[in-house]
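Biologist: I am new to this protein and would like to be walked through it with care. Could we take it one question at a time?

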Amino acid sequence: EDELIKKQGNNQSPESLKYGEFCNLNCLLIQSYIFLNNIDQNLIPEEKNKDEESVNELLQINENQIIEYFELKKKLFSSKKVKFRQTEIFNLPKFLSCFDPTPIELSQSDQFKITFEFNKAISDDDKEQLGSLIFSNLLKKYTRFKNEDLDEFFKMVPIQKIRLLDLLIHAMLNEGFTSIHAFYDLVFILSGCLNIEKSESSNTSDPVDHDFESIFINGFLPKFKNTIENSKYLINSLIVVWVIRSILIKSQIDNSQIDIMNTLIDRISSLIKLNLMFSCGSHSVLHSIDFDFNIRNILNRGRGIFSELTSKHVVLNGYPPKLMNLFDVEIDESNSPNEEQKMLQNHDFKLFYDALQDGRKFLPKSLESDTLLVNCAWESILMYEKEVDKGISYLDLALKFCSEIGNAILRQGILSIIWHKDLSKKIASLTKLIDKTGNLPNDKIVRSEVGIKEEHTVTFLTQIMNLLDLLMDANCNLNEVPIFNYDRFWKDIADYSELGFIPTNMILNLASGSSSPTDTQGKIKNSSNKQLVELAAEQKPVNYHLCLFQYQLIRILYLIGKLALFSELHTHPLISNDVDAKIVNTRKLFFTKALNSIMKQVKNPTNIRLKLPEDVNESLTTVFNLSKDMEVDSEFIKRYYCCLLYALDYHFEAEKILHGIKEVELFASQLLIVVGHKVNDILENNTNPNLIAILSTNLKSWLKSLGPPDYRIHTISSKQAFLELIGIVLHRLPESFSEYKIATEFLDFLENPLFKL
């Protein structure tokens, strides 16, 4: 500009004047940039005073709070590598781009004739870098400093103090300067609070110095609150808010602003505790979310976000369900610790347990055990649906979480939601496939139709039965419907909305007449934007008898009563005892096949007094119980099973059933057929012509009239065993029965000396 004046004098063109002004303004900024990069050479630090007040006194907090702060900072920074941005990359063009080219003219009495506003497009990231450039060397260099030491600094930085305060806050959040005293002093000066203590007004005409309340309180603090709520630097945010609150206390401003700062402190502390908890384990849930973990995002995502994040972290790291229910457990160093103590002997489990207990001090409602267990069960189901190969283990995990839920209403509610989401459809598909083919479907079909591997089919059915067992065992009359309150520091959190953390169809507001908790696609309906645990509490009580009926149907893998099968569990379809005769016969046929199938696994006995293996008895008991539940004639089952045992020569086991049979004549007629099949078996495998010769004509005709046996036939080489069977028949048949004559002819045949085995 000076060169232009020399060349053109006062006859400068408008373009020249603008160009000269542009050069002048940029010179001011360039000089400021050079000064800031050499600040450590321009200012001399003051030595730390020995009588300097402690940090907790400075921030007006108790000593335990500041001790805990430094411990938390150490833990957080040791759990991850923290890399701060280097100020060297903030070059001159970047520096210049942060400012509006049109400066503000201040009064002539002010030492600064020109100050610059920020460019409207400046981002928080730019503010962090600019603030670091301006203050990093100063705060790293100085332990404490006096106000007069900063005169040169303010002269060389043409920015209003309130704007500098904004940059200082952003720099502190990002950098986390260790000199808390120096940071406090700078905030104290830049806020204008210094002049409140002075008896005389300041020489500077910076507006902030003259109107602390309008500029700092009404202008800066709302923006500051927004900055803190959007900051992901939680541990640094805590010290920044402490400093601002301390200044507000010293300024003797009304308590409403101090209350706002206290709420911020409590919220930051809550998130820090959660952050520590999420640093436990090998997989942090914070790496799997698509938003910054800060106050604003938590408020936007609504109620339930804390329990959802924690539950996802629990499932990701495989923490045991019982861990959610542990309270005040002490490690037992003895040789006989209980189950809970053994669990906490695991280092990783103990770390998470301690962090969870600390988190519950701030978030007792969100981290309540039943609330976490409900969400953990749901998160496990989501993992089950995502991973076909490992999914079956997640279904089992979901049921384990459900079994730990103390409130029966919540337990039944979440189980009902899980059932209706997808499982009922998968069971229906699987049962139809089995009904169609008569066997378990192959891997390709079961993957396509049911979403599981062929080798997991039996395990899947077992888990479904466990689910229905849990549903039926939940006695909702023992508990009241829980009330879900807000955590103390988060009462203004948004209602659960589609911004919620779980993007898994939970948040859909679907209008439907169905009372099922899910829609036709298995998505959870949430017409009132409630969190999952509230939806679970509102589910209708299930129909116990319908659950039992479906349990039975799943157990036998056979489609009976299609109208009731896979109905919504709270509905009440009419399940009549008056069953069609065709259905009755079908049920009888099924159970005879089931009994034969079990006995096929049994080895042939070497003598008639042998007992059945224990595992076979367990399977048989299951069949008997199911047949009773399905109201199949118990006498029919007893007669058939007793004949089956005699057919295989398990006389000792058959005798246990024999004495309980009431319809003895019918049983004797059926047992006579078993004897006939045994004789036919002997005649077919015996080359002795004398056996055929000693048979009566009537007996020969009767034996030929027998069709294929309904039983597996095994005959021990014992005439005594045959005589025992005929004795049972003769003892129970009236002489007027035609079968009695056949039995007597069998007795003559067996007692004939020519009959030999």
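Modeller: Let us begin with one serine: Ser 269 lies in helix H15 (residues 255-278), where helices (H or I, at least four residues) and strands (E, at least two) are DSSP runs numbered from the N terminus. This is a predicted model, in which local features need pLDDT of at least 70 and side-chain atom pairs count only at pLDDT 80 or more, while totals for chains, interfaces and linings use all residues. Residues are numbered from 1 along each chain as its sequence is written, and side-chain values use heavy atoms, with hydrogens and water left out.

Biologist: Is Ser 269 buried or exposed, and which residues does Ser 269 touch?

Modeller: Buried means under 20% relative accessible area, exposed over 50%, and partly exposed in between (1.4 Å probe, protein chains only). At 15% relative accessibility, Ser 269 therefore counts as buried. With contact taken as heavy atoms within 4.5 Å, and residues up to four places away in sequence not counted, Ser 269 touches Leu 238 and Phe 362.

Biologist: Why is helix H10 described as largely enclosed by the rest of the structure?

Modeller: The buried residues of H10 include Ile 180, His 181, Asp 185 and Leu 190, and the helix is followed by Gly 192, whose phi is positive, near 90°. Helix H10 (residues 180-190) is largely enclosed because its buried residues number 11 of the 11.

Biologist: Which residues touch the most other members of the largest nonpolar core?

Modeller: A nonpolar core is a set of buried Ala, Val, Leu, Ile, Met, Phe, Trp, Tyr and Cys residues joined through side-chain atoms within 4.5 Å. The largest one has 162 residues, and those touching the most other members are Phe 135, Ile 414 and Phe 460. This core draws at least three residues from each of domain 1 (15-35 + 122-196 + 215-283) and domain 2 (294-329 + 340-505 + 529-577), the bounds coming from an automatic or database domain assignment.

Biologist: What is the N to O distance in the salt bridge between Arg 639 and Glu 663?

Modeller: A salt bridge is a side-chain nitrogen of Lys or Arg within 4 Å of a carboxyl oxygen of Asp or Glu, and the structure holds 20 of them. Arg 639, in helix H29 (residues 634-647), and Glu 663, in the loop between helix H30 (651-658) and helix H31 (664-685), are 24 residues apart. Arg 639 counts as buried at 5% relative accessibility, whereas Glu 663 is partly exposed at 34%. Their side chains meet at an N to O distance of 2.6 Å.

Biologist: How far apart are the closest N and O atoms of Lys 656 and Glu 653?

Modeller: Both residues lie in helix H30, 3 residues apart, about one turn of the helix. Glu 653 counts as buried at 6% relative accessibility. The closest N and O atoms of this salt bridge are 3.3 Å apart.

Biologist: Which helix has the lowest mean pLDDT among the elements of the protein?

Modeller: pLDDT is the predictor's confidence in each residue, from 0 to 100, and the protein averages 79, with 79% of the residues scoring at least 70. Where pLDDT is low, the predicted coordinates should not be read in detail. Helix H17 (residues 305-317) has the highest mean, 95, and the lowest, 43, belongs to helix H12 (residues 207-210).
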